[in-house]
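Work through the following exercises with the sequence and the model side by side, and try each task before you read its solution.

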Amino acid sequence: MSPLKLLVYFLTPIGVAVTALIYSQNCMADIRATVVKFNTVCAHCHEGQCSGRLSFSSGVAAAQGHVRRYIPSSSPLEVEELFAILKYTKEECAHYPLPDTAPADGTWNAEVLHQWRGPDGKSYFIPLGRIRPGTYHLNLRFDGQSEASMSICGEKLDVLLEEQQRTDQVFEHTLPIAAEGLYYLHLKSTSTLLDLTFTPARQQ
């Protein structure tokens with residue numbers, strides 16, 4: 001085998017692996033954006049409708065008009081993804097699974113938080129990651145005085161914390177976590193969220 005063919009022989013698997021990694025990252029980013037749209041636009045009405053209360057026999061086509069009534073810019077692919085997320089939410093009574101992307105240090109900056117911001121610019125859906133039992137400190141900092149409503153729920157949609165109409169620029173709360181699992185923050189705010197920390201509370 002010539003040196004050139006030998007080089008191609010060894011480099012091709014590397015190229016395929018890199019391409020696959022880029023493809024998987026792009027797919028994850030795409031479905032993440034759709035999951036954020038679902039949880040900031042659709043979940044308010046649909047999250048509690050579990051156990052097959054909606055028939056799916058009509059398929060995606062019948063859902064297009066309904067989806068575009070609330071998210072007019074949805075592409076055909078997004079409609080399919082939203083329908084799949086809705087189907088999963090109703091049948092499993094759970095949040096649609098995503099890779100755990102929570103920062104290792106429990107701190108989200110403005111750039112990261114922007115990825116979890118809904119199309120209205122006021123709503124956020126932020127996966128807090130897999131949390132072990134313990135007491136945790138939640139800190140939210142906004143770019144100004146903010147009226148906000150928020151909730152933290154588990155992967156099975158059980159609500160752990162619910163707060164309404166905060167007017168502070170900084171919100172702090174200590175939260176006990178009794179069971180290990182995936183947890184999510186739903187937030188709607190009149191101001192932009194600049195940073196978020198969710199870390200184990202310091203022992204006194």
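The model is predicted, so local features need pLDDT of at least 70 and side-chain atom pairs count only at pLDDT 80 or more, while totals for chains, interfaces and linings use all residues. Residues are numbered from 1 along each chain as its sequence is written, and side-chain values use heavy atoms, with hydrogens and water left out.

**Exercise 1.** Determine the order of the strands in the open sheet of four strands, and find which strands stand at its edges.

*Solution.* Begin with the terms: strands are DSSP runs of E with at least two residues, numbered from the N terminus, and two strands pair if DSSP finds at least two bridges between them. With antiparallel pairing, the order is 2-7-4-5. Strand 2 (123-131) and strand 5 (159-166) each have a single partner strand, so one side of each lacks a neighbour in the sheet, and these two are the edges. Next, look at the pairing of strand 4 (residues 148-154) with strand 7 (residues 181-189), which is antiparallel and spans seven bridges; here Ala148 stands opposite Ser189.

**Exercise 2.** Identify the residues with the most contacts inside the largest nonpolar core, and trace the surroundings of Ile126.

*Solution.* A nonpolar core is a set of buried Ala, Val, Leu, Ile, Met, Phe, Trp, Tyr and Cys residues joined through side-chain atoms within 4.5 Å, where buried means under 20% relative accessible area with a 1.4 Å probe, protein chains only. The largest has 37 residues, and Ile126, Leu196 and Phe198 have the most contacts inside it. Leaving aside neighbours within four places in sequence, Ile126 is in contact (heavy atoms within 4.5 Å) with residues including Trp108, Tyr184 and Leu196. Finally, Trp108 stands opposite Leu196 in strand 8.

Note on methods:
Buried < 20%, exposed > 50% of the residue type's maximum accessible area, 1.4 Å probe, protein only.
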